[in-house]
Amino acid sequence: MANDLFNSFMTGPDETGRFGKFGGRFVSETLMPLILSLEDEYEKAKTDDSFWAEMNDLWTNYVGRPSPMYFAERLTAHLGGAQIYMKRDELNHTGAHKINNVLGQIILARRMGKTRIIAETGAGQHGVATATVCAKFGLKCVVYMGAHDVERQAPNVFRMRLLGAEVIPVTSGRGTLKDAMNDALRDWVTNVRDTFYCIGTVAGPHPYPAMVRDFQAIIGKEAKAQLEEQIGRLPDTLIAAIGGGSNAMGLFFPFLDDKEVEIIGVEAGGKGVNAKMEHCASLTGGRPGVLHGNRTYLLQDDDGQILEGFSISAGLDYPGIGPEHAWLHEIGRAKYVAITDAEALEAFQLCCEQEGIIPALEPSHALAHVMKIAPDLPKDHVICMNMCGRGDKDIFTVAKALGFEMNTGA
Amino acid sequence: MTRIDDTFARLKVEGKKAFVSYVMAGDPNYEKSLEIVKGLPAAGVDIIELGLPFTDPMADGSTIQLAGQRALEAGQTLEKTLEMVRSFRETDDTTPIVMMGYYNPIYSRGVDKFLQDAKDVGIDGLIIVDLPPEEDEELCIPAQKAGLNFIRLATPTTDEKRLPTVLRNTSGFVYYVSITGITGAAEAQAADVAPEVARIKSDTDLPVIVGFGVKTPETAEAIAGVADGTVVGSAIVQKIADDAPVADVLSFVKSLAEGAHRA
């Protein structure tokens, strides 16, 4: 089946940038010529051995790839069912999967002769990764971050500044990730000639969703090879957290045509997926619309106005989702569920206690779903979850949520 | 012939350039906004651009963003914006109205339903910022079929190779964006704009109207002088933001229209 193109889930997007009806290029005319030249440049790079040689060298020697595949033995015993494997992308340089993609985009930017890099960031992980790679290559870096996120992710703001990036707190709209993305797009329209927009997730106008997926697919490729070596077969279930969905798409993509592998994406359920919309579960609680260059599932009201999401995790706090996930959801190849803040916090603590790993709040959502299903699954069932980020940045948020007084010296 | 075509035909006979004004529908509230819109033709406005409020206006500067927020907070919806145009048409059946905004509220309503409603209330054209020619199947082609003009933005980054693509399915007029940037930004320069307008006009018979960065009667005159007309948006919207009385807003509009008409 895997080589049967007619039944493949891996051939998207089409030439208009669509996965089914999702995706596309919904941008202003000013940006369109640049989007087209980026697409050309990426198509060239994709089949250029020297591009991948540079990527592989940096992935190995700068990022520290491959990231380990770890059997979580105590957690498995504790839950008493399926075997739990963790793809340890939190061990990458800068502490998350984000740098996999940033390296690819910055190498492309250099090939295109762009000298100024802009990025948006929510939790700050993509901003830190972008600032890091810009420092390495001596490029000017400007990061847009919602004013609310600047407050709740102070350590990452300081990291970005240490790395020489200019961090611009965004107060327009309501000062969250979606507003940061709006302001980054406004910057790009204004400085289109010398500036490259390094998008942090599998969303935005074509070719970004496909390009970011291809850079993150290293996660799934490694996972497949590592599991083959460790257990001699494919996993039964893949689980990953989803904001925009880049770590999940990276893990899922190489397995899409392995139809026996169950794929589950975990959205941020905030205080619960209810009528009050205090969540970020675009697929579970939204409907199709057009925002930030693509058609996808969005949290919106009856008039097509975009709603703010809500999640304890700044990295999942986005009212949309990558268009390829929207498509996988509609055709039923992947299943999407929601996990609440409270469930994610419980998983966060359990992971610390059972495995000695402090996870970021984002993969804590994935782990919370593992906790829900693992106990009822047979002992030979293998779950692979993406531990896509480490939790150092979240300890203040978690301390506050658990009512622990922490003197930050601030 | 649409009201837009009729207007340019009339202006040609009168030997005048077009003055186009932009206000956000429902800013600061429905009643005041309707009163302002109703007063625009008498202030010398040839074509009214009516902004459709959206939570995420990615091509707009803070002045227009805030106008959209005020309108939404005051309860403006696409339904109410259509209602506003219907009310305007009760007393004015000649001044063209072009709706300008972003695609999602229209997509959310349903394209066919929206086009039917827009036609019924008397909207003449659409400018949808996030629908480039690559997405023509979405709204542009259905809109033309429904008898509405679809007005395209051309920008300084639209090069020779791409210009025919941009002009292909455009109608009514071409809106040339004077700068690479967002609304309400740097001042447009007639010397930069003139060769660009000439470049576009060599490829189309449609009128070319220039907007973005036009804030004063003097700039309106200078820019209209090198094109078929000019658009002012943010400078008018700022008066509304400053809570100027309707009469003051309209007298400012009148000064801008006089500037453009002097050209």
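Is Cys141(A) buried or exposed, and what is its relative accessible area?

Mentor: Cys141(A) is buried, at 5% relative accessible area (buried is under 20%, exposed over 50%, partly exposed in between, with a 1.4 Å probe and protein chains only). Bear in mind that this is a predicted model, where local features need pLDDT of at least 70, side-chain atom pairs count only at pLDDT 80 or more, and totals for chains, interfaces and linings use all residues. Residues are numbered from 1 along each chain as written, chains are lettered from A and ligands numbered from 1 in written order, and side-chain values use heavy atoms without hydrogens or water.

Across all chains the disulfide count is 0. Over in chain B, Cys140(B) is buried too, at 1% relative accessibility.

Elsewhere in chain A, have a look at Lys98(A), which an unreviewed UniProt entry lists as "modified residue: N6-(pyridoxal phosphate)lysine" (UniProt positions follow the numbering here, feature names are shortened, and annotations may be inferred rather than shown by experiment). Lys98(A) lies in helix H4 of chain A, residues 98-111 (helices are DSSP runs of H or I, at least four residues, numbered from the N terminus). Lys98(A) is buried as well, at 17%. Leaving out residues up to four places away in sequence, Lys98(A) touches Gln125(A), His126(A), Ala129(A), Gly200(A), Thr201(A), Gln216(A) and Ser246(A) (contact means heavy atoms within 4.5 Å).

How values were computed: Disulfide = S-S within 2.5 Å. Helix = DSSP H or I, 4+ residues; strand = E, 2+ residues; numbered from the N terminus.
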